[in-house]
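I opened this notebook page to record what I looked up on one strand and on the aromatic rings. The entries follow the order in which I made them.

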Amino acid sequence: MAEQQLSLYLDIKQDASISDFVGPGWMAMVDMVRQLHIGLLSQIYLYGDADTGKTHLLSAICESFRDSGKSVMYLSLKDLLTTDPMVLNALESMEVIAIDDIDSVEGYDYWQEAIFHLINLSNEYGHTLIFTSRKPVGQLDFKLKDLVSRLAKSATFQLPSGANRQDRELILQAVLKRRNWHFDPRIIEHLLAKGPERIGAMLDVLTCLQPIFSNVRNITKAKIAQAAQIIDEQTLLHEVKEFDFDEEESFLDF
């Protein structure tokens with residue numbers, strides 16, 4: 001029953017690869033994943049603001065373990081909060097467990113207990129755990145301090161903010177090459193110059209552009225203008241979402 005419930009919440013963006021994460025800002029993370037694969041690390045904690053690419057990165061790590069023949073389970077905690085925490089019992093046999101949005105269980109004591117026990121079991125079996133969060137471990141408002149202590153033992157990586165254009169450009173080029181998407185250079189330049197700085201948001205905008213503008217030959221000025229308008233509109237939507245989240249966080253802190 002727990003496995004059936006859990007299967008309803010497995011929603012991972014599978015079109016991701018560790019090879020996407022090139023550039024100086026990601027070198028430490030790539031080495032961390034290498035250490036996971038060879039057993040030097042067993043638990044990592046990735047954190048960053050909204051839309052910095054946490055889920056894309058987590059998806060890429062999961063795919064790298066699937067490619068090596070490991071059993072992998074991904075879940076987003078924010079989508080599981082209305083279910084029974086006992087669903088986590090279905091994960092005991094998984095060699096790699098990727099848990100997105102662990103900060104979403106703030107205020108959910110039963111979920112904190114369930115994750116604490118899952119970590120203990122995974123450590124006992126020698127399994128791999130990967131967590132993402134919008135907050136560093138030290139800022140998690142968990143009632144169960146033992147869970148904070150367990151998470152604090154993780155190797156930690158803070159995702160780049162996206163302010164470095166070189167990082168954005170290198171990731172964009174890597175994703176385009178892997179997906180075999182080709183865009184007019186003017187569209188790419190507008191995306192880099194005027195689009196979202198955060199990697200996750202930038203890739204979301206790229207996905208919006210792809211059905212209309214990818215692999216189009218002899219693109220007209222009107223099409224370039226249309227692409228620029230879509231980039232500007234989608235960027236504004238992401239900025240509004242960031243503002244709303246920051247306002248909500250400020251209210252909760254108050």
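The entries below concern a predicted model.

Entry 1, strand β5. I examined residues 155–158, which make up strand β5. In a regular strand the side chains alternate between the two faces of the sheet.

Entry 2, strand pairing. I then asked in which sense β1 and β5 pair. Strand β1, residues 43–47, runs parallel to β5, and four bridges join the two. Opposite T156 of β5 I located Y45.

Entry 3, aromatic pairs. I searched the whole structure and noted three aromatic pairs. One of them joins W26 and F157: the ring centres are 6.0 Å apart and the planes stand at 40°, so I recorded the pair as tilted. W26 belongs to the loop between α1 (2–7) and α2 (27–37), while F157 is in strand β5, so this pair ties together parts that are 131 residues apart in sequence. I checked burial for both partners: W26 is buried at 0% relative accessible area, and F157 is buried at 7%.

Y45 is buried, with a relative accessible area of 0%. Y47 has 16% and counts as buried because the cut-off is under 20%.

Methods: Residues numbered from 1 in each chain as written. Predicted model: local features only at pLDDT ≥ 70, side-chain atom pairs only at ≥ 80, totals over all residues. Heavy atoms only, no water. Buried < 20%, exposed > 50% of the residue type's maximum accessible area, 1.4 Å probe, protein only. Pairing = 2+ DSSP bridges. Phe/Tyr/Trp six-rings, centres within 6.5 Å; stacked < 30°, edge-to-face > 60°.
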